[in-house]
Amino acid sequence: MKNWMQNMLKVILDIYVLLTQLNTLNDQLQRMDIHLRSIVEAMKKSDKSDFSYNDSNLTSSNSNVDFSLLDIKDVVKILNISTTTYYRLVRQGELVPRRKGKRHYYYHEDLSKQLNQSKRKGRI
C-alpha cells in the first residue's frame, strides 16, 4: 500500500511539473504573438508600397488592441512630462518599460495599466 501511494505522489508531481511547463510555454506564445503583430503593423506602416499582407488570420479576442510600440518621445508627449521626469519615474519604478538594449518601449496597453496602477496607489 505504501509503495502504491509513493507511485501516485510521483505521478501527481510529474503532472504538476508538466502543467507548470505548459503554463510557461503559453505565456511565451502570447508574448510572441504580440511581438509578431507589432512587426506586421510596423511593416504595414512602412513606406514600402509593395508590402501587402492580409491579416484576417490574426483574429483574436483582443482584436481592438493597438500593438504599436511607443518610444520615450511618445510617452513623454502622452503624459505631458519632461524627459527628466520620465527617467525619474522609471528609476522609481512607477513606469516599467520593455527594454531592447538601452532603448525603452511601451505598448499602449502596458502604459495604461501602469498609469491606472499608479493612480490607484496615489503615485500620479
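Here is a short walk through this predicted model, one selection at a time.

Start by colouring the chain by pLDDT. The average is 77, and 78% of the residues score at least 70. Among the elements, helix H3 comes out highest with a mean of 90, while H4 is lowest at 76. Where pLDDT is low, the predicted coordinates should not be read in detail.

Next, show the strands. You'll find an open sheet of 3 strands, ordered S1-S3-S2 and paired antiparallel. Strand S1 (69-70) and strand S2 (98-100) sit at the edges, each pairing on one side only. Zoom in on S1 and strand S3 (residues 103-107), which are joined by 2 bridges. Leucine 70 is there, standing opposite tyrosine 106 in S3. Then bring in H3: this helix packs on the sheet, touching S2 and S3, and its direction makes about 80° with that of S3.

Now for the inside. Select Leu70, Ile72, Val75, Val76, Leu79, Tyr86, Leu89, Val90, Leu95, Tyr106, Leu111 and Leu115, and you have the largest nonpolar core, with 12 residues. H2 gives the most, with 4 residues.

Last stop: leucine 95. What is it in contact with, leaving aside neighbours within four places in sequence? Leucine 95 meets Val75, Leu79, Tyr86, Leu89, Val90, Tyr106, Leu111 and Gln114.

Conventions. Residues numbered from 1 in each chain as written. Predicted model: local features only at pLDDT ≥ 70, side-chain atom pairs only at ≥ 80, totals over all residues. Heavy atoms only, no water. Core = buried A, V, L, I, M, F, W, Y, C linked by side-chain atoms within 4.5 Å. Buried < 20%, exposed > 50% of the residue type's maximum accessible area, 1.4 Å probe, protein only. Contact = heavy atoms within 4.5 Å. Pairing = 2+ DSSP bridges. Axes fitted to C-alpha atoms, helices over the stretch in contact; angles between N-to-C directions. pLDDT = per-residue confidence, 0-100.
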